[in-house]
2 protein chains.
Amino acid sequence: MTHDTSSPTTLDAHPREMHPQRWGDPAAATPLPEAARGLVELAFGLADTPATANVTLAPVGVTDEVLAGLRAIAGPDHVHTDDESRRLRTRGKSTPDLLRARAGDLGDAPDVVVRPADHDEVAAVLALAVEHHLAVVPFGGGTCVTGGLAARRDGYAGLVSLDLVRLDALLEVDEVSMTATLEPGLRGPEAEALLAEHGLCLGHYPQSFQHASIGGFAATRSSGQSSAGYGRFDQMVVGLRVATPRGEWRLGSSPANAAGPDLRQLVLGSEGAFGVITAVTVRVRRLPEVKVYEGWRWDSFVEGATAMRTLVQSGLLPTVLRLSDEAETGLNLARPDAIGEQATGCLMIVGHEGTPGQVEARRAAVTEVLAGLGGTPLGEEPGASWAHGRFNAPYLRDSMLDVGVLVETLETATFWSKVDALYADVRAALERELGADGGSAIVLCHLSHVYETGCSLYFTVATAAGEQPLERWGRAKAAANDAITANGATISHHHAVGTDHRPWLSAEIGDLGASVLRAVKADLDPTGILNPGVLVP
Amino acid sequence: MTHDTSSPTTLDAHPREMHPQRWGDPAAATPLPEAARGLVELAFGLADTPATANVTLAPVGVTDEVLAGLRAIAGPDHVHTDDESRRLRTRGKSTPDLLRARAGDLGDAPDVVVRPADHDEVAAVLALAVEHHLAVVPFGGGTCVTGGLAARRDGYAGLVSLDLVRLDALLEVDEVSMTATLEPGLRGPEAEALLAEHGLCLGHYPQSFQHASIGGFAATRSSGQSSAGYGRFDQMVVGLRVATPRGEWRLGSSPANAAGPDLRQLVLGSEGAFGVITAVTVRVRRLPEVKVYEGWRWDSFVEGATAMRTLVQSGLLPTVLRLSDEAETGLNLARPDAIGEQATGCLMIVGHEGTPGQVEARRAAVTEVLAGLGGTPLGEEPGASWAHGRFNAPYLRDSMLDVGVLVETLETATFWSKVDALYADVRAALERELGADGGSAIVLCHLSHVYETGCSLYFTVATAAGEQPLERWGRAKAAANDAITANGATISHHHAVGTDHRPWLSAEIGDLGASVLRAVKADLDPTGILNPGVLVP
C-alpha cells in the first residue's frame, strides 16, 4: 500500500512541448525492450525505418499586417513563424500523425503560432482572425489523436495556431465548495502540483496526462484512468469561461440546475469549434492519503466483465477498474514492465484511493464481491506495475514504429448488454481488414471507464507498417468505425471527434444532431474561423 | 426500519388529471389541520375566499379544417374541445396559476386538446401545426410551477394542447445494462409500478411525483427528493427519442462519450421548445429491500449545513438528505403530521435505501460523522413522518389558499461557500417586499439536493393573500429572483424556466447562451410552433 500522495509519474515536471515526430519527452523515450522486440519479430518481422525526412515548411502564408496585428496583441516575443515552432504545432499524436511527420509531410503546419497571455488577448486574436478571415486552431498539449489539430485551411487567409501555454495559472481555490479555477494551458501534472499545494487534487489521469492540458480535457470531454473514482472530466467541470468571436461567455451558476439545457455540456466536447476555453472551474477532492492498486485474474473476459458490471451496479466502485482481454493479458500490455512474461486468463486492475478508512472499507467490500464471483487475487505487484507504466504506452508505440510495426489504439463505449457483440465485431473488422493483403494483426482490448449502464472498450492494434501504412491503417480504422456505428455504439468514448471521426458522427447523433451543431457554430462563430473542418459535420 | 419496497405513497394509483383549481386528487385533499389553522390565524388572520367563479371559456379558435386534421391523426375520440378538457390543461400548478384559476381567468386555455397514441401521431400533429401555424404546448402531468404551459398565442392560428397521456408504455427493459425505455405520458407512480414488476425502480421522487410525468421530468431537468442516492433525472437519462418539426431525433449511443457535446443535455431541460420527447431510456436500479428515514437535530442551520457538506464531500451520501432551517423546523413544515407541535433547532432528514448490508454500512458511517459533528439523533419517527407526508405540501397550500393565505415556494442552488449569503439575501428580499405594504410574511427554507460543490435552497413563503395576491406575489418573486441573480446563483435548481423565469435566464447563461438557445430553436423548430414564449429568451 503506497502512502505517498505524489507518485513520481504524477507530479514530475515534463517539457511543455513534445518531440515533433514522437510522443512526449525525448529524455523519457526508451528503445523497445528486448522481450517485446522478440515478440514483434516473431509476429511481423522487423524492418528498418526510413530516416526522418528533413523537410522545409511551406512559406509563412499570412500577411505582414496579420503578423503585426498578432504582435501588437501578444507582444513580439509570443508570435512565432520559425520552422520549429510551426512543426511542433502540426497535427497531434495519432499514429497517422506520427507517420506523416516521420514521412516529412507537414502540410497541416500553421503559418504562425501566437501565445496570448490571458482571456483578453485570446479574444483579441479571435477578433483579428475574424477581420482577416484566418483559421484559428486552439492548441493545448498537442496530444490529440483524432485529427482535431488539422483544421481546414482552404478558403482562409492563413492558419493560426493559438497556443494557450501561457494561460497557466491556478486562478482560484474555494476549499469550502471544493472547487478550483484553472487556466487552460496548464498541463495535467502542473495542475495537480498547484492543487497539491492546497492538499487538493483533480484525479484526472488519462494516458496523455503528462502532456495534455486542462483546456484540452474540457474541449474533448476527456476521461481518465481513475474515472470510476473521480469521474469523467465533464463531470468535474462546474464553470467555464469561453472566448468566442461574438464575445465572452461565462457559465456556471451552480453545481446543477434546471435553468434550461445545461449549456456547459455544449461547450464541453466542442473541440475549439465554438470558442476558446480560457478558464475552467472544476470540482476538486482532498489528496488521497492512500493509493493501492492490485491485480485480479479471471479465467475469461466474459467472467471479468461480469464482475466489473456487478461491482458498478452494486454501487461498489473502486477508483480504478480495468480488465484486459486474454490477448492483452497474454502480452502484458497492461503492464509494460512485464512484457515478455507468460500470462494467462484476463488481468483486472483494481485501484483504491482515499483515506485509510475509505480504502480499507471499499477494498474489503470489493474483494468480497470479486472473490465470490471466482476472481483470483494477484496481490499488489501487478497493480504497482500497471501504475508505474500507466503513461508509457505511447513511448512503446514510437519504439515499435522505429522497427516497422504500426501500433494504434481506438476506443468506443456501449451498454453492458451490447459489449460482447461490439467486442467481437470490432475485432473481426480489424483482423479482416488488416489480413486482407495477406498481412496479420494483433488486436488487444481492455474494458475501462465503467458506468452502471455500460463501459468503454479500448482496442490496441499492432500490424506490420508495410509500404503504405497510412492507407493500410485508414482502411482498418474505417472498418472498425463502421462496425462501431453498426452496433449503435459511440465513435469515441474519450478521444473526441476531430477530423478523423467526423464522417461517422452524423450516424451517431443523427442528421438533426449535426444540424444543431452547425446552428450553434454559426451562431457563436458566424464567419467560421474556429477550427474549421473539426467536429462539426 | 421499513422492509416493504412499495410504500403506499409510492405506488398508489392516482387520477391522471388533476382538479383544475387545486393540486392533485380531490379525494386526497384535506381541510387545514386545526393546529395549522390556529397558527395561520395568529399570523395573518383568516379570510373567506371568494367562491370559485364559474366562467365560460373563449370559443374554440381553430378552424374546422384543423380539427378535422387532428381527428384524422389521433382519431375522433382523442380530440377534445369541451370546456372541461380545455380547463384541465390551462396552465400548471404554481400558486399564481391557482389564483388565476380560482379567479376564473382561463385566458391561457388551449383551443383544442389532442391525445396522440405514439411517436408517429405526435410527429403528424407537429406537421399539421407547422402547416397551419398552430402553437403547440406539450402536456404531461400538468404539474409545472413556472408557467411552462402558458405559451404565447399571439400570432398563431390557435393553441393546441398536445397531451401525451396515451404514450404510457414501458417499451423495453434491459436488465443487463440496467436500463428501461419509458414513454413520456407515464406518471411517476405508473412508471415505478411497471418497473417494480421487474424488481426495478427509478428512484425519482419529486414532490410532484404522484402526478408528474416521465416526459416532464426529462423536459424540465427534474430532481427528486432522493436525488442524493438516485441522482437527478438528467443523470438517469441515457437515451431520448424526440419528435421535432424537422423530423425524428434519436440520441443515446452509450452511457457517456466524447463524440462532441452531449446533445442529450440539450434536449433535457428544453421544456418542449425544441421538440416533443416521445421516449426516454433511463438507468434503473434494483428495488431497495430496506428503506429507513431518520431525523437528526442541529442547534443551528449553519451547523446542519456544515454536516451535510461534510457528508457529501466525504463521499458518504445517504439516499435522502435535507435540512430545514429554524423557521421551517419550528413550523414542522417538513413533517405535515406534526404541524403545531413545538420544535427547536434544525431538523435534518437522513434516508437510506438499498440492501440490508448497504443500508447498515452506510447508516453506521453517516451516523458516526453526524454524531461527531454534534448532531442529535431523533430516531426514525421524524423520518417516517416526513416520508409519509412527502408529497402532501401542495394539498396544504390549497387549504391555506382557502382561508386567504398565499403560500408559494421557490428554489435555487449555489456553491457551498455562497449558501449563507444567498440564504440571507433571498429571505431579506422576500420579507422586505411582502412587508412593504405593512403586511408580513413567513419565510421558511430547507437545503436539499446536495452535491460535492453545493446544494439547493428551497424556500416556502406564507403571507396574507390580500386584495391583489397576484401582484403582491409577483413583486416578491421578482425581488427574490433579483437576489438570486445578484448572488450568481441559478434561477431554478429543479422547477425549470417556463415563462416565469425567462426574464432572468439571460443573466444566468449570458446573452450568448440566450443566443445559442434561439439558434437551436430556430434550427429544430424553424416556424416557432413549439411552446412559444417558454424557456427561450
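Visitor: How many residues of chain A are in contact with chain B?
Guide: This is a predicted model. In it, 75 residues of chain A are in contact with 75 residues of chain B.

Visitor: How much area do the two chains bury between them?
Guide: About 5,400 Å². Carbon and sulfur atoms account for 64% of it.

Visitor: And what superposes chain A on chain B?
Guide: A rotation of 180° with 0.0 Å of shift along its axis. The RMSD is 0.0 Å. That is how a two-fold axis relates copies. The same surface serves both: 100% of the contact residues of chain A recur in chain B.

Visitor: How many salt bridges are there across the interface?
Guide: The rule finds 4 between chain A and chain B. In one salt bridge, the side chains of A:Arg283 and B:Glu452 meet at 3.6 Å, N to O. Polar contacts between the chains come to 34 residue pairs.

Visitor: Which elements of chain A touch chain B?
Guide: Several supply at least two residues each, including strand E8 (237-244), helix H12 (301-313) and strand E16 (405-415). Helix H19 (502-524) is another one of them. H19(A) gives the largest share, 12 residues.

Visitor: New topic. Which residues have the most contacts inside the largest nonpolar core?
Guide: A:Phe233, A:Val282, B:Phe233 and B:Val282. That core has 92 residues.

Visitor: What does A:Val282 touch?
Guide: Leaving out residues up to four places away in sequence, its partners include A:Phe233, A:Met178, A:Leu182 and A:Leu202. A:Thr179 is also among them.

Visitor: Why would nonpolar side chains sit together?
Guide: In soluble globular proteins, they tend to be buried together.

Notes: Residues are numbered from 1 along each chain as its sequence is written. Chains are lettered from A and ligands numbered from 1 in the order in which they are written. This is a predicted model: local features need pLDDT of at least 70, side-chain atom pairs count only at pLDDT 80 or more; totals for chains, interfaces and linings use all residues. Side-chain values use heavy atoms; hydrogens and water are left out. A nonpolar core is a set of buried Ala, Val, Leu, Ile, Met, Phe, Trp, Tyr and Cys residues joined through side-chain atoms within 4.5 Å. Buried means under 20% relative accessible area, exposed over 50%, partly exposed in between (1.4 Å probe, protein chains only). Contact means heavy atoms within 4.5 Å. Copies are superposed by least squares on the C-alpha atoms of residues with pLDDT of at least 70 in both. Buried area is the accessible area (1.4 Å probe) that two parts lose on being put together, summed over both. A polar contact is a pair of N or O atoms within 3.5 Å; within protein, one must be able to donate a hydrogen and the other to accept it, and residues adjacent in sequence count only if both atoms are side-chain atoms. Helices (H or I, at least four residues) and strands (E, at least two) are DSSP runs, numbered from the N terminus.
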